[in-house]
Every structure is written in structure tokens, then in C-alpha cells.
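Good morning. Please look at the sequence and the structure first.

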Amino acid sequence: MTNTSDLPVTCLPAWDLAELPEPKPLGLRNWAGFVGPGIVMMGIQIGGGEWLLGPEVTARYGGNLMWIATVAIVLQVFYNIECARYALYCGEPVMTGFLRKRPGPLFWVSVILFLNLSALIPALSTNAAAVMAGIWLDRPPGAEDRNLVTMLAYACLLIVAFPVLIGGKVYNMLQAVMTAKVVIVLGFCLAIGILFVSPLHWWNVMSGFARFGNVPVKIDGQDAIANVFTQMWSTGTWPMIELGNIAVLGAFAGYAGGGGLANSTYSNYVRDKGWGMGSQVGAIASAVGGRDITLSHLGKVFLITPDNLRKWKGWWRYILTDQILVWTPGCFMGMALPALLSLQFAAHSGLYNQADKLEWAQAMITADGIRHAPNLGPQLGGLLWTITLFVGLTVLLPSQMSIVEDFSRRWTDIIWSANRHARDNMRDDQVKYIYYTILFSYVLWTLVAAYLFSTYGTPKLMTLIIANLNNLALGVTAFQLLWVNTTLLPKPIQPRWYHKTGMVLCAVFYLGLSYLVFVTKQWPILKELLGIS
């Protein structure tokens, strides 16, 4: 694209032209300028999979299935990079890119709403409430403590909404909270891992990331592991994969790294950080301290010139540095360290023998195991039980805060760009009115949802539903994102063949997991409801 006539025709008004800013050189002197979106995403994504599902998977299969996390994280790198590519070029979040494609915004808003259903289930705040109840009761809660957990879930939802009210840019507060979370959680897990976890468990987990092809099977009624490649080589037959736990394994993959529409928010953070054309567009201001911050309704793009391509390569190095040197190692640490604690201590927890308790206290398996570990003793075990529960709150509450913020941000950007009334009648400094209206409405809904799920479901059920809905969302939007970036972006900055391959594999992996969960778990229920034999 060398002039405005080369801009693609889309279902939203055309982009404006602006100058691509010069990126500052990468280096220690500018570390604050290039570290941000990746660590925010890392903090958001150390949550459900690592703290809630990791103990269950590692307790059953050791580190043998950690390779699922490897595949999930690597494929999500491709996804995140493509989100950043779109935001660097035009300063818009990728959801706005979806709205630009035919058949038009109304259709894609319906699709996004369906894919975003998981955000309407406040699982992490309910799990955090169960942890709070455990601290208060000095024991894991059960069904008999339903009312206490429900009331604490209400408190959690109100608490997590507060930080995004202050800080100038909403993004600035997110970065501060998530950086603190990463340091506290990974620091605690690393310290406990070094001091108390055996070298065998370290090897089990770390080598598990490379044990590709391991699958769950049943041998004499017991959970076991078989390797697809080894069995095919030695016997020429496929192992009989145990699909009874596919919902848990699908959820484990869904929470590894990120999952769902949360990954697409990386494009929002690239914009709000001011990378690429994001600096020409603006950011969402907080309610307190954000008076001078504005956000354009639509993005701005640059002409393809030799000088702009040189600048583009500089910004692209920001994205690669952020994803490969910050986000990816952080995600592997976020999966490995809680798994180490699970392997060492979960076997000492009595929760596995109390199915009713496990449904409510899944977030407390490791803490309960630490408390009852014979090598720690009652005093040290009791102290570490309490500390582990508070660390669990540090995991769960900021992640629930990010879901509240992510939902509000996503739909604010959609309305801000796609709604003609908003474009024609609202100034660039008024986006926060839409943002906080959605945020407070969402918090009110989650209060209702917390009551409904605590009455008719359990925290564990909520976690499994969310993760498997996220798999569907990530798979579908991977294809959408690839479509947007290969049709709306100029040829010189479109994804290369290996980027396209990674995106197709990402879509196939997550849609495949969704299909397996549907066929083995949801379809039998639907057949019974519909009277299909």
C-alpha cells in the first residue's frame, strides 16, 4: 500500500493515515518500554489451569501429560503474535478487525457474544471464595458451607472491580497488579520447590514437557500412561485412550498459557502500551486520574515505504521479545512450579477421598497436602497451609479481576468502533463512560451468576465449563484472525507461511479438543434430552 486508494474496503469506516512512530532501541535502558503486555498476559494466565487443574492432572498422571501444555503454549505464541501484528499496523484491537469483515458487524457481534459465554461464569471468584472460607474455617469447605462461599464470592467480585477504577490508564493498573502477582506466586512456588520438592519430581515435571505422544489409558481399572509413538512402533496398534477424563484434560489445555478470547486481548494491550500505531490511537482511561487520556473510535494506518518497513521491523522485535523472552518462559514456569508442588504434596491431601469436598475445595488440594505432609510437621505444615492459601488468593483474585476488565474492554471497543451513534456523538475522551457502564453491569450479572452456580453447581464444574468453552473460542478465532491478517493487511507485513501454519495448527488443536469433549461428554446428554437412541 503506497497511497490511500490502496486501503481495503471494509464494513466499518476507512482507517485514517498517520506516521508510524520510531521505536526506541531494545535494551536495558529501555526495559520499561518493552516489558509490559507479555507480563500482563502472564499474570492473567497464571490462574485456573495451573492452580486448579494442575493438581488433579499431575496427581493422576504425574508429569507425563505436561507435553499438552507445551503444545498449547507454543501454538498460543503464534496466535498472540498475529493479534499483535494487527494492532501494530492499525492500533485497533483484533475484535474490531473481525467486525470489518463481511457479512458485517452485527453478525460478528453475535459470534463473539457466543464465544464469550465463558466470561459470564465467575468461576475464579467462587474458587477464591472457597479459599477464603478455608482460611476462616481452618479447613477445606464443603457443600455444607455453600452459603458462606456464596457470600464471600459476592465480596470477591466487588473487590476485584476496584483496582481498574484508578491509575490513569486502566492498562497501567493491570500491569502493576499482574507484575506483583507474577513475582509473589512464582517466587513462592520456586522457594517451596527448591526447599521441599524432591529432585525426582523436578525431573518428572520438566521432562514431561517433552514427552510428546503420552496419552491416558486404563490398565486393570487404574489410570495409566501409554505413548502413541512407542506402542505403534512396537505393536503396530494404537493405545485405547481413556476419554473418561477428557473434560479435565481439555480444560488443562484450555488453561495452559491463556485460552479463549483472553489471548485476543493482547492486541488491546499492545495498543494501550503505545506500541506501533497504538501510540496514534490512545487508550481507555480509568475513572480516577484519566482525565487527559483519549481513544480514537477507529484505527490509523501507515503507508508502506522503505522507511516505515524499517520502523515496522523495530516494532516487530518488540513483539518477538515480549512473547519469546517474557510470556513463553513465564507460562512454562507458571505451569511447572505449581505442578511440582502438586506432585510433592497432593498425595498427602485427604480431599481425593472426599468427592463432595473436592468439588468445593479443588483450589486447596496442594495447601491441604502441605498441611498434612509428614516431613513438615504440624507447626511448619500449618504455617505453610495458611501462606499457600493466601498465595492462592493472589492467583485467583487478580485473574478474576482480569476477566472483569477483559470483558468490559472487549465490548467497550466493539461498541466504540462499530456503533454509529457512539462514533458520531461521543468525544474521544468519553470512552470510559461506556467502559464503566459495562463493567458495573457485568459485576451485577456475576453476582447473580455466583448465586445461581453456587446453588445449582460447584466451583469445579464452573472451571471445567469455562475452560472447554475457551477451547472452542480459541479455535474459531484462530481461523478468523488468520483471515483478517491475510486480507486487510498490506502484503509486506502479512504473516509468512510458517505463521499461517502455526495458526492453522492452533485452530485444529483447540477445535479438536472441543470436538472430543462434545462427543464424549455433551452429546450423550443431548441425546438423552432429545430422545435419540
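Contact, in this talk, means heavy atoms within 4.5 Å. Helices are DSSP runs of H or I with at least four residues, strands are runs of E with at least two, and both are numbered from the N terminus. This is a predicted model, where local features need pLDDT of at least 70, side-chain atom pairs count only at pLDDT 80 or more, and totals for chains, interfaces and linings use all residues. Residues are numbered from 1 along each chain as its sequence is written, and side-chain values use heavy atoms, with hydrogens and water left out.

Now the overview. The protein chain has 21 helices and four strands. Of its 533 residues, 60% are buried, where buried means under 20% relative accessible area, exposed means over 50%, and partly exposed lies in between, using a 1.4 Å probe and protein chains only. Among contacts between residues at least 6 apart in sequence, 82% join residues at least 24 apart.

Next, the core. A nonpolar core is a set of buried Ala, Val, Leu, Ile, Met, Phe, Trp, Tyr and Cys residues joined through side-chain atoms within 4.5 Å. The largest one here has 152 residues, and Tyr89 and Ile319 have the most contacts inside it. There is a second, separate core of five residues, including Val215 and Val228.

Let us turn to helix 14, which takes up residues 306-345. Two packed helices are described by the angle between their axes and the distance between the axes. Axes here are lines fitted to C-alpha atoms, for helices over the stretch in contact, and angles run from 0 to 180 degrees between N-to-C directions. Angles under 35 degrees count as roughly parallel, over 145 as roughly antiparallel, 65 to 115 as roughly perpendicular, and the rest as oblique.

How do helix 4 and helix 14 cross? The axis of helix 4, residues 67-90, comes within 10 Å of the axis of helix 14, and the two cross at roughly 150°. The pair is therefore roughly antiparallel. Helix 4 makes a right-handed crossing with helix 14; a crossing is right-handed if the near helix is turned clockwise from the far one by less than a right angle, and left-handed if anticlockwise. On the helix 4 side the contact includes Ile73, Val77, Ile81 and Tyr89. On the helix 14 side, the residues include Trp312, Ile319, Trp327 and Met335. By class, this contact has 16 nonpolar, five polar and one charged residues. In that count, Ala, Val, Leu, Ile, Met, Phe, Trp, Tyr, Cys and Pro are nonpolar, Asp, Glu, Lys and Arg are charged, and the others, Gly among them, are polar.

Helix 10, residues 199-208, also packs on helix 14: their axes come within 9 Å and cross at roughly 135°. That makes helix 10 oblique to helix 14. The crossing of these two is right-handed. Among the residues in the contact are His201 and Trp202 of helix 10, and Leu340 and Leu343 of helix 14.

Helix 2 covers residues 37-45, and nine of its nine residues are buried.

Helix 13, residues 266-273, is largely enclosed by the rest of the structure, because eight of its eight residues are buried. They include Arg271, Asp272 and Lys273. After helix 13 comes Gly274, with a positive phi near 90°.

Arg102 and Pro103 are joined by a cis peptide bond, with omega about 15°. Pro103 sits in the loop between helix 5 and helix 6.

Asp138 is in the loop between helix 7 and helix 8. Its phi is positive, near 60°, in a residue other than glycine. Asp138 is partly exposed, at 42% relative accessible area.

Leu376 touches Phe196, and among its other contacts are Phe345 and Leu384.

How values were computed:
Lists of a residue's contacts leave out its neighbours within four places in sequence.
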